[in-house]
Amino acid sequence: QVQLVESGGGLVQAGGSLRLSCAASGRTFSSYAMGWFRQRPGKEREFVAVISRYGGTVYADSVKGRFTISRDNAKNTVYLQMNSLQLEDTAVYYCAAGLKLTTTGSYEYWGQGTQVAVSS
């Protein structure tokens, strides 16, 4: 069993930056691919970024070049550095853990989410 707790969300002006963190419980964190997803108001949940157990990364086109996903296996934590934030990035951001790297929602474990609001 893996429990995920996101933090770092908040209100930021367009063009600003935020760093989200996702702390995982359990001793097998390094075995999991870790993903970030988001759900914008009135929209379905969508893929943002994923990092494999070996550090390989995949990004959604909408965030490529602006967001960076990273992980610290010693701290059981995955991060999402978000720069040049846009109004369209306003969403609840979710962390997910799975044994298979995928850009779909097929992850075994999910966090509760953290709200990011971007203002003009």
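**Entry: the model.** I am working from a predicted model.

**Entry: the core.** I looked up the largest nonpolar core and found 36 residues in it. I noted the residues with the most contacts inside this core: Leu4, Met34, Trp36, Val78, Leu80, Met82 and Tyr93. Then I checked which strands supply at least two residues of the core. My list reads S3 (18–24), S4 (33–39), S5 (45–51), S7 (67–72), S8 (77–82), S9 (91–98) and S11 (114–119).

**Entry: aromatic pairs.** I counted five aromatic pairs. One of them joins Phe37 and Tyr107. I read 5.5 Å centre to centre and 75 degrees between the planes, an edge-to-face pair. Phe37 lies in strand S4, and Tyr107 lies in the loop between S9 and strand S10 (109–110). They are 70 residues apart, so I noted a link between distant parts of the chain.

**Entry: buried or exposed?** I looked up Phe37 and got 3% relative accessibility, so Phe37 counts as buried. Tyr107 comes to 7% and is buried too. Tyr107 also pairs with Trp110. Their ring centres are 6.2 Å apart and their planes stand at 75 degrees, so I logged this pair as edge-to-face. Trp110 has 24% relative accessibility, so I marked Trp110 as partly exposed.

**Entry: the ring cluster.** I followed the ring pairs onward. They link Phe37, Phe47, Tyr107 and Trp110 into a cluster.

**Entry: charges over rings.** Which ring does the charged end of Arg71 sit over? I found the ring of Phe29, with 4.7 Å to its centre. I also checked Arg45: its charged end sits over the ring of Tyr94, 6.0 Å from the centre.

How values were computed:
Residues are numbered from 1 along each chain as its sequence is written. This is a predicted model: local features need pLDDT of at least 70, side-chain atom pairs count only at pLDDT 80 or more; totals for chains, interfaces and linings use all residues. Side-chain values use heavy atoms; hydrogens and water are left out. A nonpolar core is a set of buried Ala, Val, Leu, Ile, Met, Phe, Trp, Tyr and Cys residues joined through side-chain atoms within 4.5 Å. Buried means under 20% relative accessible area, exposed over 50%, partly exposed in between (1.4 Å probe, protein chains only). Helices (H or I, at least four residues) and strands (E, at least two) are DSSP runs, numbered from the N terminus. Rings of Phe, Tyr and Trp (its six-membered ring) pair if their centres lie within 6.5 Å; planes under 30 degrees apart count as stacked, over 60 as edge-to-face and the rest as tilted. A charge sits over a ring if NZ of Lys or CZ of Arg is within 6 Å of the ring centre and within 35 degrees of the ring normal.
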